[in-house]
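The sequence and structure come first.

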Amino acid sequence: MSSIYILANGAMASALAYGLRDFYEIYIVGREAQKLEYLKKEGFKTLLYNEFDLENKNVILAFKPYALNEMSQILKGKARILISVLANTSLKELECIRAQNIARIMPNIAAKYKASTTPFILKNELFKEEIVQILTSFGNAYELSSEKQMPSAMALSGCAPAFLSLVAEALANGGVYRGLDKELSLKLTQGLFESFSTLLAHEHPALIKESVCSPAGVSIKGVKVLEERAIRAAFMEAVYISSK
């Protein structure tokens, strides 16, 4: 089993660690032993930065983007594969850390359950098949044709789960408002998202809406309210602002 070293121990780093652990030996590298302790209890191997070097390793950068310059001074050696989840950090900027190939990706926290949607772009073709294998270990991966696409892809894949969480919470609250107990309302909402995911895999969203809405029916009345509240424009603006 080959090894992957994940640099950082936050939410995204942890999600990737859990998603990859069935296929790779995972090392979590961090600054403080105390903050790594809970991951060690989960069965991950841990290292401090002063115990770690990049040389010929497969590495995932998952620390905050503002730390890149500092980390480039700390990290020694040349990585084999360098995979970055740093938002708004270009391949050119990532070259401050030496590696044979660099992959810029933007997964989401569903990686924990091997269900991430991950856009990616590579610096070169070296180890491409292996990189894709790593990315598809925790979900689906989609190669971008240009790095210019990454901000928009990042907003959809990385940020939109937060938007959809608001939708799910609002729908579940709506069920409670109309008399359902909160556990049943949440289960119905969870089932709705599962059902809708299946529909969306086979049909365009506009066609799904048209199929559900009958003339003068209850669904079209709800759609009318959402359109009056500019819900469509709000989501489009959210994607736009998150991509900047």
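Which residues does the UniProt annotation "domain: Pyrroline-5-carboxylate reductase dimerisation" cover? The unreviewed entry gives residues 147–239. The model is predicted, with local features needing pLDDT of at least 70 and side-chain atom pairs pLDDT 80 or more, while totals for chains, interfaces and linings use all residues. Residues are numbered from 1 along each chain as its sequence is written, and side-chain values use heavy atoms, without hydrogens and water.

**Annotated spans**
- Residues 147–239 are 81% helix and 0% strand (DSSP runs: H or I of at least four residues, E of at least two), with end C-alpha atoms 17 Å apart.
- UniProt, again from an unreviewed entry, places "domain: Pyrroline-5-carboxylate reductase catalytic N-terminal" at residues 4–87.
- That span, 4–87, is 31% helix and 29% strand, and its end C-alpha atoms lie 20 Å apart.

**Second largest pocket**
- A pocket is an open set of points on a 1 Å grid where a 1.4 Å probe fits, with protein on both sides within 12 Å along at least five of seven lines; lining residues have an atom within 4 Å of a point.
- The second largest pocket has a volume of about 730 Å³.
- Its lining has 30 residues, of which A8, G10, A62, F63 and K64 are the closest to the centre.
- Domain 1 (3–143) and domain 2 (154–242) both contribute to this lining, so the pocket lies between them.
- Helix α6 (150–177) is one of the suppliers of at least two lining residues; its five residues are the largest share.

**Helix α7**
- The 19 residues of α7 (182–200) should span 27 Å at 1.5 Å a residue, which agrees with the 26 Å between its end C-alpha atoms.
- At the start of α7, a side-chain oxygen of D181 comes within 3.1 Å of the backbone nitrogen of E183.

Key: Expected span 1.5 Å × (residues − 1). Polar contact = N/O pair within 3.5 Å; in protein donor to acceptor, adjacent residues only side chain to side chain. Points joined across faces, edges and corners; volume = space filled by probe spheres on them. Domains from an automatic or database assignment. UniProt positions renumbered as here; feature names shortened; annotations may be inferred.
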